[in-house]
2 protein chains.
Amino acid sequence: MTLTGREMRSTIDADGVLTLTLEEMTIGDPGDDEIIVRVEAAPINPSDLGLMFGPADISSVTLPVTSAGPAIKMSVPRERLAAIRGRIGQSLPIGNEGAGTVVATGRNARELEGKRVGMVGGSIYADYRRIAAKEVIVLPEGATAADGASMFVNPLTALGFVETARSEGHTAIVHTAAASNLGQMLQKICLADGIPLIDIVRSETQKQILRDIGATHVINSKDDDFRLQLVQALKETGATIAFDAIGGGTLGSDILSSMERAAVSTMTEYSRYGSDKSKQLYIYGALDPAPAVFNRLAFGFQWNAGGWLLFPYLRRAGEQVATRLRKRVIDELTTTFASKYTRVIGLAEALQPDVLRAYERKATGEKFLIDPTLS
Amino acid sequence: MTLTGREMRSTIDADGVLTLTLEEMTIGDPGDDEIIVRVEAAPINPSDLGLMFGPADISSVTLPVTSAGPAIKMSVPRERLAAIRGRIGQSLPIGNEGAGTVVATGRNARELEGKRVGMVGGSIYADYRRIAAKEVIVLPEGATAADGASMFVNPLTALGFVETARSEGHTAIVHTAAASNLGQMLQKICLADGIPLIDIVRSETQKQILRDIGATHVINSKDDDFRLQLVQALKETGATIAFDAIGGGTLGSDILSSMERAAVSTMTEYSRYGSDKSKQLYIYGALDPAPAVFNRLAFGFQWNAGGWLLFPYLRRAGEQVATRLRKRVIDELTTTFASKYTRVIGLAEALQPDVLRAYERKATGEKFLIDPTLS
């Protein structure tokens, strides 16, 4: 049997022209320890968009004059090319995670035949994905492909935040862009585990989403007295660690200095070095690609900021922790870790300019799922 | 015997008026485990200046119309008052470290009578300092008070950098403002211990100071091709940790992104998350009080930036490490850890406007020592 299928690819050439295509590929037979999964559901996450579009200017999107198949072009402004010089000329497969049905198995993986599985690992915006059997998780009875499509990145990230906070000795957490699917999962975990969480959002609608699932400290960064509210919530919760999806601008700095204000308010003696409370900011996303500005004189010397990424975190945490977290995801797949999708599109549909602009906007509450079987 | 002496004090009132005075104080008799040291040498470090002047505008310095003793006034711009609200109205003693002769001892500290000692702990810009006997170090035979005046802050900071780098798995180091007394000590330690060091300086004169003591990687940040030189030096040394005295602006960010460029240059496959090389920036000073600007998209997700302060570091490192470091300082007091002073001034002299402006300027190669016995 020779299986062929489409696979989404993104290439940026030396002139800064980005081409997104669906390439027809031949799927090789599975090796002894491999399987082939027919992809039936794959979420569009911010991390997927990063690879799909790089730093391209979305408003420049055009349909190519001639093309062998579905394709779309846009341009990367010249001044942004240096940052991505490593990918120039490379055809990169897209799609971090997804779920589907096993349609072929190697000799050591026969028990997976016909099973519905979730998987992570790239190249998943495709009709078929050949993958090592040990890298998929069989979905629980009754779960749909959509239920299992986002079972890795967001759930493990939310659980990873809580594990990170605990292992570094923090007792309460701050989260930004907190009304996202990920943010809602984090809120549910913190409620279940009794960890105070401060959710920072950018609208009243987002505030309500979190209140509806039981959040108690939700702050709108657009409020005039945002900083005062934040300091108050930090005093109440004692949070000294923050996970920030935004990255650019001064929000991270504002959180650190508010933590410092909360800490200083309990000090009896002045120190020019500030409080001795350790304050940690992890930046895990780049919703705002602008530089991060740290007004560090407002937060003393006991601070730390750094990048947080799921897979390096899982490697550091070790196999035992990773297994425990994965088990919790399976156990709570349709409760804590349920993802909501507002629109399901086909693979070719994802290359239509109007559809592309809609999912690229990353609007609150909107979440797209790709189902390659739709076309 | 009732001993009296002068002590330097800095106070900022609610209107932002900073007053620096010498107060006549009565020194209480030493307790059983205490001694009294006649201060004979105390360096003016950037950390002392921070407490002396806070965020005051030095150009506003005036002599008060009437005053009981030597005094000087200047004003703190209103917008900078919020950052130092914790010290408003408090009279703060100045002087982190120094050396002198023991002139009185408690009953459990008689063996220190007449000895020359080094000490750290604040309130040292004074004629006398009462202090716990266990907190001083007897200087080696033949060492002057000037030799022992700076035996804590700079030597332990330089050694602490090397210990920190080693304990976090780094094999080479980047240092900014590298021609300082501290920077020269760090260079000597790294040469002795075989640790590659990249010195970043801001002038050719500074470059020469470091070359003269054997530095091999000295880069002038004013050079047009500074970034290229830095990437090249990072490739040669493999440095992945930096200690930055400047803090404000983009230098820290430039170092992290240059480390990333050096790391990416050895990668065979593109990753939108950047290299998996951990990059660490520690900010230990504030020569530039402006916000730090991190262009983090240029350095991937494997980065970390934070404050580094000597005393919290020593607490974390533990008694055994601290003892080992102190022993090395004593052993190499007049070689590795020799400090050069360009001018010795009296306590009252430090309150003369022209003298004050000279040491506040923190010019390269200039270093002031206070000797209260001069007047």
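Two strands are taken to pair if DSSP finds at least two bridges between them. Helices (H or I, at least four residues) and strands (E, at least two) are DSSP runs, numbered from the N terminus. The structure is a predicted model, in which local features need pLDDT of at least 70 and side-chain atom pairs count only at pLDDT 80 or more, while totals for chains, interfaces and linings use all residues. Residues are numbered from 1 along each chain as its sequence is written, chains are lettered from A in the order in which they are written, and side-chain values use heavy atoms, with hydrogens and water left out.

In chain A, strand E4 (residues 57-62) pairs with E5(A) in the antiparallel sense over 2 bridges. Within this pairing, Asp57(A) stands opposite Ser75(A) of E5(A). Strand E5 (residues 71-75) of chain A is also joined to strand E2 (residues 17-27) of chain A, again antiparallel, over 5 bridges. There, Leu18(A) is placed opposite Met74(A).

The two chains meet through 41 residues of chain B in contact with 41 residues of chain A, contact being defined as heavy atoms within 4.5 Å. The size of an interface is often given as the accessible area lost when the parts come together. Here chain B and chain A bury about 3400 Å² between them, 61% of it on carbon and sulfur atoms; buried area is the accessible area (1.4 Å probe) that two parts lose on being put together, summed over both. On the side of chain B, Tyr270(B), Arg296(B) and Phe301(B) lose the most area to chain A, together 22% of what that side buries.

Between the chains, 9 residue pairs are in polar contact, with both residues at pLDDT 80 or more. A polar contact is a pair of N or O atoms within 3.5 Å; within protein, one must be able to donate a hydrogen and the other to accept it, and residues adjacent in sequence count only if both atoms are side-chain atoms. Helix H1 (46-53), strand E15 (247-249), strand E17 (288-294) and strand E18 (303-307) of chain B each supply at least two residues of the side that touches chain A. The most is given by E17(B), with 7 residues. Strand E18 (residues 303-307) of chain A runs antiparallel to E18(B), and 3 bridges join them. The bridge partner of Asn304(A) in E18(B) is Gly306(B).

Within chain B, Glu7(B) lies in strand E1 (residues 3-12). With a relative accessible area of 11%, Glu7(B) is buried, where buried means under 20% relative accessible area, exposed over 50%, and partly exposed in between (1.4 Å probe, protein chains only). Its side chain makes a polar contact with the side chain of Arg9(B) at 2.8 Å. Beyond neighbours within four places in sequence, the contacts of Glu7(B) include Thr21(B), Pro93(B) and Tyr125(B).

Ile173(B), in strand E11 (residues 173-176) of chain B, is likewise buried, at 1% relative accessibility. Leaving aside neighbours within four places in sequence, Ile173(B) contacts residues including Phe161(B), Cys190(B), Ile198(B) and Phe243(B).

In helix H8 (residues 310-317) of chain B, the residues Leu310(B), Pro312(B), Tyr313(B) and Leu314(B) are buried. Their cover includes helix H3 (153-167) and helix H9 (319-331) of chain B. Gly318(B), which follows H8(B), has a positive phi, near 95 degrees.
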